[in-house]
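Trainee: I have a new structure open and I'd like to learn how to read it. Could we go through it together, feature by feature?

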Amino acid sequence: RNGLLLMLAFAISLLVSCKHEKTEQKKLYDEITAKETELYKDKTEAIDKDKAIEMVRMYAEYADKYTTDTLAPEYLFRAAEISENANQPNNAITYLTRIEENYKDYRNYPLCVFKKAYIYENYLKNQEKARKYYEKFIADYPDHELAEAANSSLMFLGMSDEDLIKVIEKLSKE
């Protein structure tokens, strides 16, 4: 009889903790949704940098706490985009890497690979890593709508502005 009472008490505490977890998750989700609405309400003005940083923090918090939730990779992706636009490329790479390592089934996974290449090339000036990710993208997603852009980026990777202008002038004459 004591064993039955103990099991019942355990089951109730488990239910209560699960319900508490769900309400915490819902609360954070609602806060994120409200903050997004506030951040993006005026499309004519530049996004407030402090609000954007807070948004990134909330996205990361959600992804940290609810790793198995389908919103986790989406929020990491949004955090990466805001970080890139806020000129924080290393943070963007960190969030994209988390997606790359943990969410291979995420619908925007191919875009994450492409964005890593793009950020390495254009923000971090790391030609080696940019090449690695462009090549990975082309190999894994040859029919993706960005495959041609990846090929072009790879072809011109590491060229100086002067060399690029010469190539473009040459191509325009042909």
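**Reading the helices**

Mentor: Let's start with helix 5, whose 14 residues reach 20 Å from the first C-alpha to the last, close to the 20 Å expected at 1.5 Å a residue. That expected span is 1.5 Å times one less than the number of residues. Helices here are DSSP runs of H or I with at least four residues, strands are runs of E with at least two, and both are numbered from the N terminus. This is a predicted model, where local features need pLDDT of at least 70 and side-chain atom pairs count only at pLDDT 80 or more, while totals for chains, interfaces and linings use all residues. Residues are numbered from 1 along each chain as its sequence is written, and side-chain values use heavy atoms, leaving out hydrogens and water.

Trainee: What is the pLDDT of the protein on average?

Mentor: pLDDT is the predictor's confidence in each residue, from 0 to 100. The protein averages 86, and 85% of the residues score at least 70. Confidence is lowest in helix 1 (residues 2–40), with a mean of 67, and highest in helix 4 (residues 89–102), at 97. Where pLDDT is low, the predicted coordinates should not be read in detail.

Trainee: How many helices and strands does the protein have?

Mentor: Eight helices and zero strands. Along the sequence that reads α-α-α-α-α-α-α-α.

Trainee: Which residues touch the most other members of the largest nonpolar core?

Mentor: A nonpolar core is a set of buried Ala, Val, Leu, Ile, Met, Phe, Trp, Tyr and Cys residues joined through side-chain atoms within 4.5 Å. The largest one has 42 residues, and Ile32, Tyr59, Ile82, Tyr95, Ile99 and Tyr134 touch the most other members. Helices 1 through 7 each supply at least two residues of this core, and helix 2 gives the most, with eight.

Trainee: Which residues does Tyr134 touch?

Mentor: Contact means heavy atoms within 4.5 Å. Not counting residues up to four places away in sequence, Tyr134 touches several residues, including Phe114, Tyr118, Ala150 and Leu157.

Trainee: Is Glu74 buried or exposed?

Mentor: Buried, because its relative accessible area is 10%. Glu74 sits in helix 3 (residues 71–85), and its side chain makes a polar contact of 2.6 Å with that of Tyr106. A polar contact is a pair of N or O atoms within 3.5 Å; within protein, one must be able to donate a hydrogen and the other to accept it, and residues adjacent in sequence count only if both atoms are side-chain atoms.

Trainee: Where is Gln25 placed, and which side chain does its own meet in a polar contact?

Mentor: Gln25 is in helix 1, and the partner is the side chain of Tyr62, at 2.8 Å. Gln25 counts as buried because its relative accessibility is 10%.

Methods: Buried < 20%, exposed > 50% of the residue type's maximum accessible area, 1.4 Å probe, protein only.
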